[in-house]
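Please keep the sequence and the model in view while reading.

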Amino acid sequence: MVNEVNEKDWKLYRKRLPDWQEKYMDRLNHEYIQLLCDTKKNALDRFWELERRIKQDKYAVGVSAEMRRSKMYQNLISLIDEGAITIDDLEGFSEELIEKLKWRFGEIAM
């Protein structure tokens with residue numbers, strides 16, 4: 001099967017995902033604080049910008065990933081796209097998975 005998930009990768013993904021999400025949401029919270037502290041904008045604009053950002057961000061995989069084996073690879077792609085993780089965060093995963101993701105992001109030629 002093309003998207004078959006290696007058991008070791010799946011266990012490592014399940015272990016690391018909560019930490020990745022915590023780190024990503026911490027970064028978002030800091031961005032929200034900066035947005036709210038921007039005195040160049042009035043309170044109304046800051047409030048609605050925050051509301052828009054939260055509405056958008058809550059759908060990010062870094063916030064609400066589905067913990068399903070069949071979604072693991074796509075979730076990793078999304079986490080990298082969102083900046084929640086980097087390829088370097090995949091240390092310990094199978095070389096096959098890392099190479100596949102590097103290829104997907106143009107970091108190597110296969």
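Helices here are DSSP runs of H or I with at least four residues, and they are numbered from the N terminus. The model is a predicted one.

## The nonpolar core

The largest nonpolar core has 28 residues, and those with the most contacts inside it are Tyr13, Trp20, Leu76, Leu79, Leu90, Phe93 and Leu101. Helix H1 (7-36), H4 and helix H5 (95-104) are the elements that give two or more residues to this core, and the largest share, nine residues, comes from H1. In soluble globular proteins, nonpolar side chains tend to be buried together.

Leucine 76 illustrates how such contacts are made: leaving aside residues up to four places away in sequence, leucine 76 touches Tyr13, Trp20, Ile85, Leu90, Leu97 and Leu101.

## A buried asparagine

Asparagine 75 lies in helix H4, which covers residues 72-82. Is asparagine 75 buried or exposed? Its relative accessible area is 5%, and asparagine 75 is therefore buried, since the cut-off for buried is under 20%. When residues up to four places away in sequence are not counted, asparagine 75 touches Tyr13, Val61, Ala65 and Glu66.

## A nonpolar patch on the surface

Leu44, Phe47 and Trp48 form a nonpolar patch on the surface, and together they have about 350 Å² of accessible area. Of these, leucine 44 lies in helix H2, residues 43-57. Leucine 44 counts as exposed because its relative accessibility is 53%, and exposed means over 50%.

Definitions and conventions:
Residues are numbered from 1 along each chain as its sequence is written. This is a predicted model: local features need pLDDT of at least 70, side-chain atom pairs count only at pLDDT 80 or more; totals for chains, interfaces and linings use all residues. Side-chain values use heavy atoms; hydrogens and water are left out. Patches are made of residues with over 30% relative accessible area and no salt bridge: like charges are joined within 9 Å, nonpolar side chains (Val, Leu, Ile, Met, Phe, Trp, Tyr) within 5 Å. Accessible areas come from the Shrake-Rupley method with a 1.4 Å probe; for residues, only the protein chains shown count as cover. A salt bridge is a side-chain nitrogen of Lys or Arg within 4 Å of a carboxyl oxygen of Asp or Glu. Buried means under 20% relative accessible area, exposed over 50%, partly exposed in between (1.4 Å probe, protein chains only). Contact means heavy atoms within 4.5 Å. A nonpolar core is a set of buried Ala, Val, Leu, Ile, Met, Phe, Trp, Tyr and Cys residues joined through side-chain atoms within 4.5 Å.
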